[in-house]
Amino acid sequence: QVQLVESGGDLVQPGGSLSLSCAASGSIFSITAMGWHRQIPGKQRELVATINNNSSTNYADSVKGRFTISRDNAKNTVYLQMNSLKPEDTAVYYCTAWRYGSPYYWGQGTQVTVSA
């Protein structure tokens, strides 16, 4: 089992920045990648970004150039730096730990609200 605890969600104005953190614990040796998903009210969860064990990253087109995913292996923590935030980025953001090419473990989610 892997436990994921997110933090950093907040209310921010359009154009602002926010950083999310996700601390992983448990059987992390089984994890091949970490990621962030988000769920906008009334819509399906969507993939935001992933980073694998070689630190190769992947981003949704909607966040490319604005969001950066990174990891600190010593702390078993993954981060999502979000810049130039837009109202349409408002969502619950979930940290994910991947096995077998898919998100296998999910955090509890953290709310990000972008509003004036």
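Which residue takes a positive phi in the hairpin of β5 and β6? S55 does, with a phi near 65°, and four residues lie between the two strands of this hairpin. The legends below concern a predicted model, in which local features need pLDDT of at least 70, side-chain atom pairs count only at pLDDT 80 or more, and totals for chains, interfaces and linings use all residues. Residues are numbered from 1 along each chain as its sequence is written, and side-chain values use heavy atoms, with hydrogens and water left out.

**View 1. The open sheet of four strands.**
The strand order in this open sheet is β1-β3-β8-β7, and the pairing is antiparallel. Strands are DSSP runs of E with at least two residues, numbered from the N terminus, and two strands pair if DSSP finds at least two bridges between them. At the edges stand β1 (2–7) and β7 (67–72), each of which pairs on one side only. From one strand to the next the twist averages 20°; the axes are lines fitted to C-alpha atoms, and angles run from 0 to 180 degrees between N-to-C directions. Within the sheet, β3 (residues 18–26) and β8 (residues 77–82) run antiparallel and are joined by six bridges. S21 has Y79 of β8 opposite to it.

**View 2. The hairpin of β4 and β5.**
Strand β4 (residues 33–39) runs antiparallel to strand β5 (residues 46–52), and six bridges join them. Opposite H37 stands L47 in β5. Six residues lie between the two strands of this hairpin, and G42 in the turn has a positive phi of about 85°.

A49 has Y59 in β6 as its bridge partner. S55 lies in the loop between β5 and β6. Its phi near 65° is a positive value in a residue other than glycine. Most residues other than glycine have a negative phi. S55 counts as partly exposed because its relative accessibility is 42%; buried means under 20% relative accessible area, exposed over 50%, and partly exposed in between, with a 1.4 Å probe and protein chains only.

**View 3. The largest pocket.**
The largest pocket holds about 180 Å³ of space. A pocket is an open set of points on a 1 Å grid over the protein atoms alone where a 1.4 Å probe fits, with protein on both sides within 12 Å along at least five of seven lines; lining residues have an atom within 4 Å of a point. The volume is the space filled by probe spheres set on the points. Residues lining the pocket include A24, I28, M34, R71, D72 and V78. At least two lining residues come from each of β7 and β8. The lining comprises five nonpolar, four polar and two charged residues.

**View 4. T96 in strand β9.**
T96 is placed in strand β9 (residues 91–99). T96 is buried because its relative accessible area is 0%. The side chains of T96 and W98 are joined by a polar contact of 3.1 Å, a polar contact being a pair of N or O atoms within 3.5 Å, of which, within protein, one must be able to donate a hydrogen and the other to accept it.

**View 5. Y100 in the loop between β9 and β10.**
Y100 is found in the loop between β9 and β10 (102–106). Its phi is near 55°, a positive value in a residue other than glycine. Y100 counts as exposed because its relative accessibility is 66%.

Methods:
Nonpolar A, V, L, I, M, F, W, Y, C, P; charged D, E, K, R; others polar.
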